[in-house]
Amino acid sequence: MANDAVADNALRLAPTRPGDGDDPVRAVLAAYTNDLITAVDDTLATFLTTEIDTLDEIDAGMGGFAAAARDAVLSGGKRIRPTFAYWGWRGAVGGGEPLAPVLPALAALELLHTFALVHDDVMDASTTRRGRPTAHVALAEQHIAAGHRGDPGRFGEAVAVLIGDLCMVWADRLLAQATVAPGRLFEVRRCYDQMRVDTVAGQYLDVLGENDPTNWSVERALRVARYKTASYTVQRPLLFGACLAGVPADAALADAYTRYGLAVGEAFQLRDDLLGVYGDPAATGKPAGDDLRTGKPTALLMLARQLATPAQLTALEQAQAGPVERLAELVAETGAAARVERMIAERVGDALAALDAAPVDRTARTALTGLATAATNRRA
């Protein structure tokens, strides 16, 4: 596929309707942005082939490590961040600009995402991701199969941290391959660096909340959502795309992207909170109820405690050590799940209002309107 077919096809989006597919995000991205996803995946595969060959030359023992790193990047994923970055760029430049010069920068965001996922899974002790063993679990299994000495779990976690670090470096390398003016690349890098800082800050707050739940609140849970998810999933990718197009940070379009991105990103995380409790593991690719089981202070759980009657609050505390299904029922009985649904709808409305007045390309406006709904009304 020629990369510029993405621009030629204009990636037209149609509004999604209930029943248009088991997963609205996948339906939209697969049906209407397939060319972009293919271009990003091809770019990643080509880049990783060269990088893996370089690693293999270091030592014969690098093969398993290199393969695990490659698999972590290429094993599925919705490519949401490159998609939002693409529309941030296309919304500024219109339909005539070729994609090839900025494609490496868009694909680099997927490497950054892999870094965050692999490290997040280690910190959360998650066992599955996208329906497969997480990187540290798979590496521990390799350790056992090879008959190595030492603690397999410790080995898996240590190597997974290195894979995450490597993906961060790879993201930098691939970003440097974008063909944009040096002055513009400096601004792109500034936006990219802020995205990374926000991600680390959000991740720390997430860890802190798990270890200091008595001092947590709905407001702080939403702050985690803004920094851990909204910033590097929607807001910063949009601004990253705008930077690639040469849009000044103080432009009206950048302001609209900021407001849209924060609203959609928060709604995205709130949907994740609901899916983490009430989602179908066959669709989400990870067990349901983990957050409740560990008492992770998500906005959903914080709201449940805030809305609960004294009797419900006592029941919530007593159920913490019992079956997670009962705990999920109690959370719903407080009205927290329904409140989160309303919060999602409110944020989607705020995002669309931000787009209404934005000086954005018409096709990009249609795409971002569809993505606001698809990214927040999904089953996985």
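**Figure 1. What lines the largest cavity of this predicted model?** By class, its lining has four nonpolar, one polar and three charged residues. Here Ala, Val, Leu, Ile, Met, Phe, Trp, Tyr, Cys and Pro count as nonpolar, Asp, Glu, Lys and Arg as charged, and the others, Gly among them, as polar. You can find the lining residues by name: Asp-273, Val-277, Asp-291, Leu-292, Lys-296, Thr-298, Leu-300 and Leu-301. Helices α11 (252-278), α13 (290-294) and α14 (299-307) are the elements that give two or more residues to this lining. Helices (H or I, at least four residues) and strands (E, at least two) are DSSP runs, numbered from the N terminus. The largest cavity holds about 40 Å³ of space, and the structure has two cavities of 30 Å³ or more. On a 1 Å grid over the protein atoms alone, a cavity is a set of points where a 1.4 Å probe fits but cannot get out, while a pocket is an open set with protein on both sides within 12 Å along at least five of seven lines; lining residues have an atom within 4 Å of a point. Grid points are joined across faces, edges and corners, and a volume is the space filled by probe spheres set on the points.

A word on reading these views: residues are numbered from 1 along each chain as its sequence is written, and side-chain values use heavy atoms, with hydrogens and water left out. As this is a predicted model, local features need pLDDT of at least 70 and side-chain atom pairs count only at pLDDT 80 or more, whereas totals for chains, interfaces and linings use all residues.

**Figure 2. The second largest pocket has about 330 Å³ of space**. Of the 17 residues lining this pocket, Ala-72, Ser-75, Pro-133, Thr-134 and Ala-135 are the closest to its centre. At least two lining residues come from each of α4 (62-74), α6, β2 (132-133) and α7 (135-146). Sorted by class, the lining has eight nonpolar, four polar and five charged residues.

**Figure 3. The largest nonpolar core has 81 residues**. A nonpolar core is a set of buried Ala, Val, Leu, Ile, Met, Phe, Trp, Tyr and Cys residues joined through side-chain atoms within 4.5 Å. Buried means under 20% relative accessible area, exposed over 50%, and partly exposed in between (1.4 Å probe, protein chains only). Look for Phe-84, Ile-163, Trp-170, Phe-240, Leu-244 and Tyr-260, the residues with the most contacts inside this core. Helix α6 (residues 103-124) gives the core its largest share, twelve residues. Leaving aside neighbours within four places in sequence, Ile-163 is in contact (heavy atoms within 4.5 Å) with Phe-65, Ala-68, Ala-69, Ala-72, Val-118 and Leu-139. A second, separate core has 31 residues, including Ala-221, Leu-316, Val-324 and Ala-328.

**Figure 4. Ala-328 sits in helix α16 (residues 324-333)**. Ala-328 counts as buried because its relative accessibility is 9%. Beyond its neighbours within four places in sequence, Ala-328 is in contact with Val-277, Tyr-278 and Leu-292. Two of these, Val-277 and Leu-292, also line the largest cavity. The C-alpha atoms of Ala-328 and Leu-253 are separated by 41 Å, and these residues are 75 apart along the chain.

**Figure 5. Which two side chains does a polar contact of 2.7 Å join?** They are those of Ser-231 and Asp-198. A polar contact is a pair of N or O atoms within 3.5 Å; within protein, one must be able to donate a hydrogen and the other to accept it, and residues adjacent in sequence count only if both atoms are side-chain atoms. Ser-231 belongs to helix α10 (residues 218-244), and Asp-198 to helix α9 (residues 182-211). With 1% relative accessibility, Ser-231 is buried; Asp-198, at 7%, is buried too. Not counting residues up to four places away in sequence, Ser-231 touches Met-195, Asp-198, Arg-226, Arg-236 and Pro-237, while Asp-198 touches Tyr-227, Lys-228, Ser-231 and Arg-236.

**Figure 6. Arg-79 and Ala-125 have positive phi angles although neither is a glycine**. Phi is about 60° at Arg-79 and about 55° at Ala-125. Arg-79 lies in the loop between α4 and α5 (80-93), and Ala-125 in the loop between α6 and β1 (128-129). Are these residues buried or exposed? Arg-79 is buried, at 3% relative accessibility, whereas Ala-125 is exposed, at 55%.
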